[in-house]
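Me: Please take a close look at the nonpolar core of this model and at the helix packing around it. I would like the cut-offs behind each term to be stated.

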Amino acid sequence: MENFFLVISLILGLLILFSLYRGIFGPTVFDRIIGVGFVGSKAMSILVLVGFIYKRIDMFVDISLAYSFLFFISTLVFAKYFQKKGAM
Amino acid sequence: MSIVAALFILGGTFFFATGVIGILRFPDFFSRMHATGKGDTLGIVLLLAGLSLYNLGSGFSLANILVSIKLMLIGVFWFLANPTATHAILRAAFDSGLMPWTKDGQPVLDWPPK
């Protein structure tokens, strides 16, 4: 089962790499936000999977919980910061 | 139990992959946000459900049950937070004057209203 988790983590890393295309070449700033924000959920899943691979899930689950709070706050702050009337 | 967990995890990975395809292929910001917002939420909830099932499969001790409850708590948090974040970004983009894409380039509605 550890090999299965390893393969799933590699697939999720590949998906992060694809979504960064939108973060680099996105036409508007909001496309860049969703391209980078897509990394947040994948990184949280990879953290939990790494916890199962190393058999230390009791420690990694707290780290991923804190990471998901950080992702949520940062997305809200980005949305507030880039909101400007008639910018586009 | 681990077979069922593997099926849940594969389903979550499938929905992540559909989100990435939507991000890369859709024509404008609003449709991209639609793809990633829904695919991400369902994928996270499926993947965490599968992982907590797998964690329970190694025995019903107190520590195992606590870790599974924490995993489901992360799932519930994402289920509430990801649509909220999507809504905030969409609202910011619409207030900044970004218009939905149409095939003939005509705006779909008159905005701001006169």
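Reply: **The nonpolar core and its helices**

The largest nonpolar core has 40 residues, and those with the most contacts inside it are A:Ile34, B:Leu48, B:Leu51 and B:Ile89. Such a core is a set of buried Ala, Val, Leu, Ile, Met, Phe, Trp, Tyr and Cys residues joined through C-beta atoms within 7 Å. A residue is buried if 20 or more other C-beta atoms lie within 10 Å of its own, exposed if 12 or fewer, and partly exposed in between, with C-beta atoms placed from the backbone. The model is predicted: local features need pLDDT of at least 70, side-chain atom pairs count only at pLDDT 80 or more, and totals for chains, interfaces and linings use all residues. Residues are numbered from 1 along each chain as its sequence is written, while chains are lettered from A and ligands numbered from 1 in the order in which they are written.

At least two core residues come from each of α1, α2 and α3 of chain A and α1, α2 and α3 of chain B; helices are DSSP runs (H or I, at least four residues) numbered from the N terminus. The most is given by α2(B), with 10 residues.

Contact here requires C-beta atoms, placed from the backbone, within 7 Å.

The helices α2(A) and α2(B) pack at an angle of about 10 degrees, with their axes 11 Å apart. Axes are lines fitted to C-alpha atoms, for helices over the stretch in contact, and angles run from 0 to 180 degrees between N-to-C directions. The pair is therefore roughly parallel, a term for angles under 35 degrees, whereas those over 145 count as roughly antiparallel. Among the residues making this contact are A:Ile34, A:Val48 and A:Phe52 of α2(A) and B:Leu47 and B:Leu51 of α2(B). By class, the contact of α2(A) with α2(B) has 10 nonpolar, 3 polar and 3 charged residues; Ala, Val, Leu, Ile, Met, Phe, Trp, Tyr, Cys and Pro count as nonpolar, Asp, Glu, Lys and Arg as charged, and the others, Gly among them, as polar.

Within chain A, the axes of α1 (residues 2–25) and α2 (residues 29–53) come within 9 Å and cross at roughly 170 degrees, so α1(A) and α2(A) are roughly antiparallel to each other.

Across the chains, 35 residues of chain B are in contact with 39 residues of chain A. On the chain B side, α3(B) gives the most, with 14 residues.

Note on methods: Two residues are in contact if their C-beta atoms, placed from the backbone, lie within 7 Å. Angles under 35 degrees count as roughly parallel, over 145 as roughly antiparallel, 65 to 115 as roughly perpendicular and the rest as oblique.
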